[in-house]
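I opened the notebook to record what I looked up in this structure. The entries follow the order in which I checked things.

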Amino acid sequence: MLKKALILSTGLFAASVSAQADLFKPEDAVKYRQSLYQVMAAQAGVIGGMAKGEIDFDAAALHQRAINLSNAAGLLGDTYFPETRDVKESNLLPKAWDDMEGMQAKGKDFGDALQNLVKVSAEEGFDQAQARKAAGAMFKTCKGCHDGYRKD
């Protein structure tokens, strides 16, 4: 079921990108994208804190944060369309537009790692060691995009 949902959402993302310019002004799309990333960062901060032991570990709470992160990430596709390339407030480097295939591949890696975190965090007996491993794998994929496609 989860696999079908991922395949469907990937197809919908590809089909929806061209229509997004009609729905959002480029400047509004960038603001929306940045807001989504703020939500994602807040959720990821709690996940990371629990995985590292900086926040009391709660498997159910971590699982909910992973779901929240996944839900927010699923909305990003609406915000990436060519008209946003030249928006001054964007943190996206020109390289991202020049290497959209590479950026999308990194996004897929992130999505796969995030879905793994959602899946394993739902399993009975999920513990901090498993959280550290699954969250660490996800955070590595975040770094892949930040290092290559995002302004500091």
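**Entry 1: Asp109**

I started with Asp109 and found this residue in helix α5. I keep in mind that the model is predicted.

**Entry 2: the whole chain**

I then stepped back to the protein. I noted six helices and zero strands, and the order from the N terminus reads α-α-α-α-α-α. Of the 152 residues, 34% count as buried. I checked the contacts between residues at least 6 apart in sequence, and 78% of them join residues at least 24 apart.

**Entry 3: α2 against α3**

I looked up how helix α2 (residues 26-52) lies against helix α3 (residues 59-73). Their axes come within 9 Å and cross at roughly 155 degrees. Angles over 145 degrees count as roughly antiparallel, and α2 and α3 are therefore roughly antiparallel to each other. The crossing of α2 past α3 is left-handed. On the α2 side I listed Leu36, Val39, Met40, Gln43, Val46, Ile47 and Met50; on the α3 side, Ala61, Leu62, Arg65, Ala66, Asn68, Leu69, Ala72 and Ala73. By class, I have twelve nonpolar residues, two polar and one charged in this contact.

**Entry 4: α2 against α6**

From α2, the residues Ala44, Ile47, Gly48, Met50, Ala51 and Lys52 meet Gln128, Ala131, Arg132, Ala135 and Phe139 from α6. I sorted this contact into seven nonpolar, two polar and two charged residues.

**Entry 5: α6 itself**

Which residues of α6 are buried? I wrote down Ala131, Ala134, Ala135, Met138, Thr141, Gly148 and Tyr149. What covers them includes α2, α3, α4 (94-98) and α5 (100-121).

Last, I checked the length of helix α6 (residues 128-149). At 1.5 Å a residue, its 22 residues should span 32 Å, and the end C-alpha atoms are 31 Å apart, so the two values agree.

Note on methods. Residues numbered from 1 in each chain as written. Predicted model: local features only at pLDDT ≥ 70, side-chain atom pairs only at ≥ 80, totals over all residues. Heavy atoms only, no water. Axes fitted to C-alpha atoms, helices over the stretch in contact; angles between N-to-C directions. Helix = DSSP H or I, 4+ residues; strand = E, 2+ residues; numbered from the N terminus. Parallel < 35°, antiparallel > 145°, perpendicular 65-115°, else oblique. Left-handed = near helix turned anticlockwise from the far one by under 90°. Contact = heavy atoms within 4.5 Å. Nonpolar A, V, L, I, M, F, W, Y, C, P; charged D, E, K, R; others polar. Expected span 1.5 Å × (residues − 1). Buried < 20%, exposed > 50% of the residue type's maximum accessible area, 1.4 Å probe, protein only.
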